[in-house]
Structure formats: structure tokens, C-alpha cells
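Hi,

Here is the structure for you to look at. My notes follow below it.

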Amino acid sequence: MNPIVPVIMTFGVVSFIVGITVLARLSIKRTKTIKFFGKEYRLWRFVFTTISSGIALIMVSIYTHKLLPPEPMQAETTQADLDISSNLRYELETILPNDQNNARMLNAINRFQKEYQKALQNKDKITLDILTMEMAQIIEFELEKQDYPSHQISSEVNRIMRFLKQKPD
């Protein structure tokens with residue numbers, strides 16, 4: 001999350017709560033005006049302004065969060081790039097030239113390699129088979145999306161799976 005988003009949201013929540021609190025306390029006392037920073041305001045105007053500005057700030061923080069992507073995700077992607085062997089990276093670049101698909105595949109491959117190595121250490125054959133089938137399906141799906149020739153898909157999947165089953169560099 002971008003650091004500005006919680007700050008904006010905090011100001012919005014504080015403004016909203018101040019408006020609700022003033023409305024509740026001063027409505028009970030039947031006060032018609034409020035003195036704020038040396039100026040007098042009518043109760044309904046002050047309450048309307050604080051509550052609506054609070055809601056507006058909360059909405060702005062949500063919109064800002066959508067516009068400014070979180071920065072830690074970029075660090076995770078570079079970490080995924082570092083864990084994959086150079087041979088596998090070369091194979092992926094020759095098979096999947098699209099960078100967006102490559103990043104998605106690199107994240108899936110990084111997750112696969114970690115879980116595969118953990119299952120190898122535990123000698124869990126069922127997990128190894130399930131992980132292998134899942135990764136083969138993911139690779140096959142990506143190749144089909146790239147309009148890869150159907151007669152070459154299985155050989156490419158087998159070739160990539162051979163590299164995946166090795167330990168990372």
C-alpha cells in the first residue's frame with residue numbers, strides 16, 4: 001500500500017467521527033451554533049461539512065490506492081526473477097516472449113520450485129505428482145494462449161518441466 005493512502009484515510013475517518021460526535025453531543029444540548037477557530041457556524045453546516053469531507057477523504061484514499069500500485073509487489077517480482085535458473089529463464093524467453101506472461105510464469109515457477117523442493121525433502125510422492133501436474137497444466141495453458149502449435153506443446157512442457165525439477169542456481 002502506498003504510504004499516503006493510510007494518512008488520507010485517517011484524516012477522513014477523524015473528520016467523519018468529529019462530525020458525528022458533534023452532532024450527537026450538541027443535538028442533545030439543543031445548541032444551534034458552534035464556535036470553531038474564532039468563527040461561529042450553524043450546527044447543521046458544521047456537521048454536514050465535517051461528515052461530507054470525511055467521506056470524501058475516505059473515497060479519495062480508496063481511489064488513490066487503486067491509482068498508485070503497491071511497491072512491495074515489484075520487489076517480489078524481482079525476487080522471483082533471482083530464484084530461477086539461467087537455463088530456465090532462457091527457455092522461457094524463447095518460448096514466451098511476452099513480458100507480462102513471463103512475469104506471471106516466473107511467479108508460478110518460483111512457487112512451484114519452493115514447494116517441489118520442500119516435498120522432495122519430506123519425500124512426499126503424492127505432493128510431487130500433484131505439483132508436477134499443476135505446473136504442466138499452467139505451462140500448457142500459457143502456451144495455448146500464445147497460439148503455440150498444438151503438436152509442439154507437449155514437448156515444450158516436458159522440456160520446461162525437466163528444468164523445473166532441478167534445484168535452482
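Start with Thr64. Its relative accessible area is 15%, so Thr64 is buried (buried means under 20% relative accessible area, exposed over 50%, partly exposed in between, with a 1.4 Å probe and protein chains only). Thr64 sits in helix H2. Leaving aside residues up to four places away in sequence, Thr64 touches Ile4, Val5 and Ile8 (contact means heavy atoms within 4.5 Å).

Some ground rules. This is a predicted model, where local features need pLDDT of at least 70, side-chain atom pairs count only at pLDDT 80 or more, and totals for chains, interfaces and linings use all residues. Residues are numbered from 1 along each chain as its sequence is written, and side-chain values use heavy atoms, with hydrogens and water left out.

The overall layout. The protein chain has seven helices and two strands (DSSP runs numbered from the N terminus: helices are H or I with at least four residues, strands are E with at least two). Along the sequence the pattern reads α-β-β-α-α-α-α-α-α. Of the 169 residues in the protein chain, 31% are buried. Among contacts with a separation of 6 or more, 66% are between residues 24 or more positions apart.

Next, the helix pair. The axes of H1 (residues 4-29) and H2 (residues 43-67) come within 8 Å and cross at roughly 160 degrees (axes are lines fitted to C-alpha atoms, for helices over the stretch in contact; angles run from 0 to 180 degrees between N-to-C directions). H1 and H2 are therefore roughly antiparallel (over 145 degrees; under 35 is roughly parallel, 65 to 115 roughly perpendicular, the rest oblique). The residues in the contact of H1 with H2 divide into 20 nonpolar, 10 polar and no charged (Ala, Val, Leu, Ile, Met, Phe, Trp, Tyr, Cys and Pro count as nonpolar, Asp, Glu, Lys and Arg as charged, the others, Gly among them, as polar).

Then the strands. E1 (residues 33-36) and E2 (residues 39-42) pair in the antiparallel sense over four bridges (pairing requires that DSSP finds at least two bridges). Thr33 has Arg42 in E2 as its bridge partner. E1 and E2 form a hairpin with two residues between them, and Phe37 in the turn has a positive phi of about 50 degrees.

One more positive phi. Most residues other than glycine have a negative phi. Lys123 has a phi near 55 degrees. Lys123 lies in the loop between H5 (99-122) and H6 (125-145). Its relative accessibility is 74%, so Lys123 counts as exposed.

Best wishes
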